[in-house]
Amino acid sequence: MDLASYADLAIELVNTQDRAGDALRDLDGLHALLARRPHLNGRIGHRDLDTVRGLRAQLRAVFVAASGGDEDEAIERLNSLLIQHPIHPQLARHQDHGWHMRLNEAGSVPDRYAARAAMGLAVKVAEHGIDRLGVCRADGCGRVFFDTTASRSRRYCSDRCAGRPNGMVTALAHRNTVTRDGGQ
Ligand SMILES: [Zn+2]
């Protein structure tokens, strides 16, 4: 059970709203978000959509606070999510592998999503630091990311945003870093 991997749930959810619009306008959008997550299967309705949209706002606020340098607020918000949405670990037997830990798959889809996303993000923050959470600096983008650069200098969600005129200087610095690493 790799709890840190669940941080992706937080990032994917927040990034359903960006320059391109809101992918969670309707239930189809929520189905699409959950489609690749077998442990988040279950019946969902409009109330769940509202709940997940609310969770999205709470998670975004964590990234915004961290990205703005307000670490205390970011941690407080994340801790509050951990209290609201506890995880429920269970021992389960896996064929040939004996007993292993997994998260209980009972409860509503939004609850399970929230518990995993908050715990995943918290584990990542504990391992790497709250300053790793970033919000794209490109005008009107707003996508969030987990900064894995050695220099903790990531500013943009993507090369596309890094190439926008308002961020040209930093974008060039970012590109140089990428080139040095052999990425381009
Ligand atoms: Zn961006």
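**View 1. Gly140 in its loop.** At 60% relative accessibility, Gly140 counts as exposed, where exposed means over 50% relative accessible area, buried under 20% and partly exposed in between, with a 1.4 Å probe and protein chains only. Gly140 belongs to the loop between β5 (133–135) and β6 (144–146); strands are DSSP runs of E of at least two residues, helices are runs of H or I of at least four, and both are numbered from the N terminus. Although Gly140 and Ala20 are 120 residues apart in sequence, their C-alpha atoms are 9.5 Å apart in space. The model shown is predicted, so local features need pLDDT of at least 70 and side-chain atom pairs count only at pLDDT 80 or more, while totals for chains, interfaces and linings use all residues. Residues are numbered from 1 along each chain as its sequence is written, and side-chain values use heavy atoms, with hydrogens and water left out.

View 2. The protein donors of the zinc ion are the SG atoms of Cys136, Cys141, Cys157 and Cys161, lying 2.3 Å from it; donors are N, O and S atoms within 2.8 Å of the metal (3.2 Å for Na, K and Ca), and sites may look incomplete because water is not among the atoms. Why is the arrangement around the zinc ion called tetrahedral? The four donor atoms subtend angles of 105 to 117°, and four donors count as tetrahedral if all angles lie between 85 and 135 degrees. In sequence the donor residues follow the spacing C-x4-C-x15-C-x3-C.

**View 3. Burial of the cysteines.** Cys141 is buried, with a relative accessible area of 7%, and Cys136 is buried as well. Cys157, at 17% relative accessibility, also counts as buried. A disulfide is a covalent bond between the sulfur atoms of two cysteines. With a disulfide taken as a pair of cysteine sulfur atoms within 2.5 Å, the count comes to zero.

**View 4. The annotated segment.** UniProt, in an unreviewed entry, lists residues 132–164 as "domain: Zinc finger CGNR"; such annotations may be inferred rather than shown by experiment. Over residues 132–164 the chain is 12% helix and 18% strand, and the end C-alpha atoms are 22 Å apart.

**View 5. Charges over rings.** The charged end of Lys124 sits over the ring of Phe146, 4.5 Å from its centre, and Arg116 lies over the face of Tyr6, at 5.7 Å from the ring centre. A charge sits over a ring if NZ of Lys or CZ of Arg is within 6 Å of the ring centre and within 35 degrees of the ring normal.

Definitions and conventions: Four donors count as tetrahedral if all angles lie between 85 and 135 degrees; four count as square planar and six as octahedral if opposite donors are over 155 degrees apart and all others between 65 and 115; anything else is irregular.
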